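Subject: The structure we talked about

Hi,

Here is the structure I promised to send over. Have a look at it first, and then read on for my notes.

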Amino acid sequence: MIYKGKKLSTYTEIIDVALSLKGKEQREFVGEYAKTGPHALQNIGYVSGYYPADKANKIMEVFQTAHPIFGSRRSYD
């Protein structure tokens with residue numbers, strides 16, 4: 001994914017950019033990311049499982065997705 005001229009090659013980069021944005025810009029970024037493939041948001045949900053619960057919850061909220069096993073809210077680590 002290219003965002004503002006920068007190639008975002010890893011999920012970490014994509015997540016970090018999304019979390020750094022606010023409001024409309026964040027929603028537009030997530031929308032554009034979602035168009036990168038049929039499982040783009042599901043992949044972010046899966047990757048969120050590697051983060052501490054508070055950050056994973058924020059990731060899932062921003063990307064409006066869920067982890068395939070943990071669901072949409074994690075309350076433990």
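A question to start with: does Lys4 count as buried or exposed? At a relative accessibility of 67%, Lys4 is exposed. Before I go further, please keep in mind that this is a predicted model.

Lys4 sits in the loop that links strand E1 (2-3) to strand E2 (6-7). Its phi is near 50°, which is a positive value in a residue other than glycine. Most residues other than glycine have a negative phi. Gln64 also has a phi near 50°, and this residue is found just after H4. Gln64 is exposed too, with a relative accessible area of 69%.

**How the helices pack**

Two packed helices are described by the angle between their axes and the distance between the axes.

Let's begin with H1 and H2. The axes of these two helices come within 9 Å of each other and cross at roughly 155°. Angles over 145 degrees count as roughly antiparallel, and H1 and H2 are therefore roughly antiparallel to each other. On the H1 side the contact is made by Tyr11, Ile14, Val17, Ala18 and Leu19, which meet Gln26, Phe29 and Tyr33 of H2. Sorted by type, the residues of this contact are seven nonpolar, one polar and no charged.

Next come H1 (residues 11-20) and H3 (residues 40-48), whose axes cross at roughly 95° and come within 11 Å.

H2 brings Val30, Tyr33 and Ala34 to the contact, and H3 brings Ala40, Leu41 and Ile44. This contact has six nonpolar residues, no polar and no charged.

**The nonpolar core**

Which residues touch the most other members of the largest nonpolar core? Among its 20 residues, they are Ile14, Ile15, Phe29, Ile44, Ile59 and Phe63. The elements that each give two or more residues to this core are H1, helix H2 (23-34), H3 and helix H4 (53-63).

Setting aside neighbours within four places in sequence, Phe29 is in contact with Met1, Tyr3, Leu8, Ile14, Val17, Ala18 and Leu21.

In H1, the buried residues are Ile14, Ile15, Val17, Ala18 and Leu19. As a reminder, an α-helix has 3.6 residues a turn, so residues three or four places apart point the same way. The buried residues of H1 pack against strand E1, H2, H3 and H4.

H4 has its own buried set, made up of Ala53, Ala56, Asn57, Ile59, Met60, Val62 and Phe63. H1, H2 and H3 are included in what covers them.

Met60 belongs to helix H4 and is buried, with a relative accessible area of 2%. From Met60 to Ile44 the C-alpha to C-alpha distance is 7.7 Å, although the two are 16 residues apart in sequence. Not counting residues up to four places away in sequence, Met60 touches Ser48, Thr65, Ala66, His67, Gly71, Ser72, Arg73 and Arg74.

His67 lies in the segment that follows H4. Is His67 buried or exposed? With a relative accessible area of 8%, His67 is buried, because the cut-off for buried is under 20%. The His67 side chain reaches the backbone nitrogen of Ile69 at 3.0 Å. Beyond its neighbours within four places in sequence, His67 is in contact with Gly45, Tyr46, Ser48, Gly49 and Met60.

Happy to go through any of this together.

Best wishes

Key. Residues numbered from 1 in each chain as written. Predicted model: local features only at pLDDT ≥ 70, side-chain atom pairs only at ≥ 80, totals over all residues. Heavy atoms only, no water. Axes fitted to C-alpha atoms, helices over the stretch in contact; angles between N-to-C directions. Helix = DSSP H or I, 4+ residues; strand = E, 2+ residues; numbered from the N terminus. Core = buried A, V, L, I, M, F, W, Y, C linked by side-chain atoms within 4.5 Å. Buried < 20%, exposed > 50% of the residue type's maximum accessible area, 1.4 Å probe, protein only. Contact = heavy atoms within 4.5 Å. Polar contact = N/O pair within 3.5 Å; in protein donor to acceptor, adjacent residues only side chain to side chain. Parallel < 35°, antiparallel > 145°, perpendicular 65-115°, else oblique. Nonpolar A, V, L, I, M, F, W, Y, C, P; charged D, E, K, R; others polar.
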